[in-house]
Amino acid sequence: MRDPAVLGLDPTPAAMGSPLVAEGTAALVAAAPALAAAVPDAAPARRRSGPHEVWHRFSRHRLALVSVVVLAMLVLGVLLGPLLWPIAIDDIDFSAMLQGPSAAHPFGTDDLGQDILARMISGGRISLAVGVSAMLVATVVGLTVGSLAGMSRGALGPVLMWVTDLFLALPQLPLLLLLIYLFRDTLKRIFGVEGGVFVMIVLVIGGLGWMPVARLVRAQFLSLREKEFVEAARSQGATTFHLVLHHILPNALGPVIVAGTIEVSSAIIAESTLSFLGLGFPPDIPTWGRILFDAKDHLDVAPHWALFPGAAIFLTVLSINFIGDGLRDALDARRVV
Amino acid sequence: MPTAVSAPVSAAVSTPLLEVENLTTAFRRDGAWREVVHGVSFTVGARETVALVGESGSGKSVSALAVMRLHPRQASRVGGRVLFEGRDLLALPEPAMRGLRGDAIAMVFQEPMTSLNPVLTIGFQIAEGLMLHRGLGREAAEAEAVRLLDRVRIPAARSRLHDHPHRFSGGMRQRVVIAMALACRPKLLIADEPTTALDVTVQAQILDLLKELQDQEGMAVLFITHDMGVVAEIADRTVVMRHGRAVEAGDTAEIFRGAHHPYTRALLSSVPKLGSMAGETRPLRFPIVSATTGAVDVPPGLPDTVTPGQRPVLEVSGLTTRFDIRGGLLGKVRGCVHAVEGVSFTLGAGETLALVGESGCGKSTTGRSVLRLIEPAAGSVLLDGEDVLTLGPAALRERRKRMQMIFQDPFASLDPRMSVGAAIAEPILLNRLGTRAEARARTADLLQRVGLTPDMASRFPHEFSGGQRQRICIARALAVRPRLIVADESVSALDVSVKAQVVNLMLELQAEFGLAFLFISHDMAVVERVSHRVAVMYLGEIVEMGPRAAVFGDPQHPYTRRLLAAVPVPDPARRGARHKVSADEIRNPIRALDYVPPVRQYREVSPGHVVQAWGEEWEPKGTSAAA
């Protein structure tokens, strides 16, 4: 019933936003379904509507707009970086150890004389991919658990919430370490060294990050399912599935998007922590967190080594959070901007 | 138009207490200033009651808050002069203004549920003002608080002083709020819709109380309301506001006798008057007076929509709905709310049965139980002879297209993220009554039928006014061509003029489609206008039911009489003719688990008019003995 094409809407809502947005900011990966859901149909007439309206609202949010630019630059940088900066990440040059930024090495070099810019470009791909994937895992699990708990009127709801509380009560770092020791080798055998560690880290971080989303979604569902418009749809013969998909979920998404962006940030930080502890990717595969870890012994002589990856993590996390804020406001049709 | 009509000076008023001259108020939105009150002037004399009356958005509350200087400073701009005892309040420094608020000028707000702080005892909240403004010590202030609670007639005031607000009912809370306002013996009381959130009988009690306290204290009251009945009941003078301007001001009796401005006449004509339907047998549309020209559109009579002898669309018998109250560590069921208890009625095609009663009487639960939005505990609901309560989920969804519901709050009952067109098309598509193209065509058709235009389909609910939203909800309910519509307080939240139009629309649609309406309302005057038959509910049971003319013309049950007596009559000439309403409250329907509801006896007074036999709990109230 909400098929956008039938109702005369360009079926690719994201494409009608800004080219910047479309260019794959991490947060928009999460927002695409929300965008589509928030825009049931659109008028071709003079009125701004649908995606235009969402974009208009989003563009009123200054910080979010700046954040989109910053994040787009970071994403483009790690994607296109190797073309513009073709130095290999493992190009060891002992004559240029621990050098500060210079024309030859804009971000300086590490203790093996490897170019930090090249390593950051390569590491950023992994860090951003881990962040987005872990967020997707956490959001999907959280949405499922939360909506089941939120719609259940029987024993399922409390049981799911006990499980959620149980997961929240687990000490995360020791558990992460344990899981990694237990499963690293199995996964390496299945997916290969890099792939295995990637899958493991995403699953572990996502699997321990869904609880806030689940609680949030449940709370939203509990209040939304009693709303009159839901009752109205029910009295018109809607099935529970239809109610959830078309009425409750779209209205619950605002806070979920914000939680999702926070999840991206915390996943990037969690990956950094794991790498920092030497438990993430192997030392020859750089990630932003791994570079930070390697830099810690040389902070006094080569602070640049830690500063650049640190700044990259900081900027990514900050801009994703602002984009989340902006999206939440933009997708709320009632909000007067 | 600063002053449309100069107010006639009432007797014994020499210098007014409050003089508002050319008051303007603007709010900043999106960086631009938007003026919402454009030069309003009025005066309030000592000991006088002035009503500011108007529909939502007319600027009446904004003006009152501007007098108190309660608007946020950064986002509002107030112009003009507000003279209180000769001092310009708008020029007063903030500390001096703070000294006046709650002391010389006090305020009572609309919502008694939210205007008390839930974590403080009521005694402390009353004493607070006294300690602040009068410098009383704690003990003296509490003693004074007890005296005040006695004055607003809260039973056992001394023992209830240390209770928190949640232990009081809505009416009692409003009394507490009034006690707080009266604490410092204000010269001016600003009451912003103080009775709107209350039931009619409670409203009548509060109005009586305000009037009495005003006489004793000798204070002036600025009464803000949308209800012409309340105005007629309480105000000496009336200022009618519209779109931020005062369109008419004058003596209340004169305004009701012969209003000059077409808007005032339009407003007055759309006020439902209890008793205006005497002699009519069928529902009647409201006359619509144009607010600009004053031209009257006399309603044509409606055709008779009820055909006797047919099997009723809806037959409800012994309907019972209870809600469990759980408590204790393991969530054991401690008791039940007997929301609906053994309710039986029938409703024919083209007929309107009104369920009336006060909040908590179970009328909404009855409506929802009929549609099985709430699962009833017992009874049967036959829709066209088929029991709805025994249907499986799929069959129930299928039957739901024959019975639809219109809710009280049109905004809450529309999905804020769904365009209006999609909302109306949804039931058609859900029930597979047509293709998308057909649904779109029917949506356009329905929008036109309810008085909107098809191009509005792409807009979202927040872009419409309250009346338009209710029209949209009606269109959505009609989309599946139902036989029965449950209208749950469907017009209660609307402004009077809009209410009249929506009621007219519903009556026209009934005539056109032969709809059966289960019209749930607390508003006796509207009910009198629209219904064929009336059922009065009290504590989950129907205490009296019968043809509209019989129930309104010859009420039998003491509760029906009390309810009718409490309705404010929009006619100042009949002020005081109203019965004194006894100050007791509706009891709550919470019962222990082993409670067995008594078997009720009904007595037929005249054909179709049945009354529940009542026990002696009704007798000493003295409204009337059994006929």
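Helices (H or I, at least four residues) and strands (E, at least two) are DSSP runs, numbered from the N terminus. This is a predicted model, in which local features need pLDDT of at least 70, side-chain atom pairs count only at pLDDT 80 or more, and totals for chains, interfaces and linings use all residues. Residues are numbered from 1 along each chain as its sequence is written, and chains are lettered from A and ligands numbered from 1 in the order in which they are written.

**Figure 1. Overall build of chain B.** Chain B contains 19 helices and 25 strands. Its radius of gyration (taken over C-alpha atoms) is 26 Å, close to the 25 Å that the globule rule gives for 627 residues, so chain B is as compact as a globular protein of that length. The globule rule is 2.2 Å times the number of residues to the power 0.38. The C-alpha trace of chain B spans about 70 × 60 × 50 Å along its principal axes.

**Figure 2. The four-stranded sheet of chain B.** An open sheet of 4 strands in chain B has the order 2-1-4-5, with antiparallel pairing; two strands pair if DSSP finds at least two bridges between them. Strand 2 (32–44) and strand 5 (87–88) of chain B are at the edges with a single partner strand each, so one side of each has no neighbour in the sheet. Strand 1 (residues 18–29) and strand 4 (residues 76–84) of chain B run antiparallel and are joined by 8 bridges. Val20(B) has Val82(B), in strand 4 of chain B, as its bridge partner. Helix 1 (residues 60–67) of chain B lies across strand 1, strand 2 and strand 4 of chain B, at about 110° to strand 1 of chain B. Axes are lines fitted to C-alpha atoms, for helices over the stretch in contact, and angles run from 0 to 180 degrees between N-to-C directions.

**Figure 3. The eight-stranded sheet of chain B.** In chain B, 8 strands form an open sheet of mixed pairing in the order 18-19-20-15-21-22-25-24. Its edges are strand 18 (403–406) and strand 24 (602–606) of chain B, each with a single partner strand, so one side of each is left without a neighbour in the sheet. On average, neighbouring strands of this sheet are turned by 20° against each other, direction ignored. Strand 15 (residues 352–356) and strand 21 (residues 533–538) of chain B run parallel, joined by 4 bridges. Within strand 21 of chain B, Ala535(B) is the bridge partner of Leu355(B). Helix 15 (residues 466–478) of chain B lies across strand 18 and strand 19 (484–488) of chain B and runs at about 175° to strand 18 of chain B.

**Figure 4. Packing of helix 3 on helix 4 in chain B.** Helix 3 (residues 122–134) and helix 4 (residues 138–151) of chain B pack at an angle of about 120°, their axes 8 Å apart. Their crossing is right-handed; a crossing is left-handed if the near helix is turned anticlockwise from the far one by less than a right angle, and right-handed if clockwise. Residues in the contact (C-beta atoms, placed from the backbone, within 7 Å) include Ile126(B) and Leu130(B) of helix 3 of chain B and Ala141(B) and Leu148(B) of helix 4 of chain B. This contact has 7 nonpolar, 1 polar and 3 charged residues. Ala, Val, Leu, Ile, Met, Phe, Trp, Tyr, Cys and Pro count as nonpolar, Asp, Glu, Lys and Arg as charged, and the others, Gly among them, as polar.

**Figure 5. Two helix pairs of chain A.** Helix 11 (residues 240–276) and helix 13 (residues 303–331) of chain A have axes that come within 8 Å and cross at roughly 170°. Helix 11 of chain A is therefore roughly antiparallel to helix 13 of chain A (angles over 145 degrees count as roughly antiparallel, under 35 as roughly parallel, 65 to 115 as roughly perpendicular and the rest as oblique). Their contact holds 13 nonpolar, 8 polar and 2 charged residues. The axes of helix 6 (residues 116–151) and helix 7 (residues 156–169) of chain A come within 7 Å and cross at roughly 145°, in a left-handed crossing. Val145(A), Leu148(A) and Ala149(A) of helix 6 of chain A meet Leu156(A), Gly157(A), Leu160(A), Met161(A) and Thr164(A) of helix 7 of chain A.

Methods. Contact = placed C-beta atoms within 7 Å.
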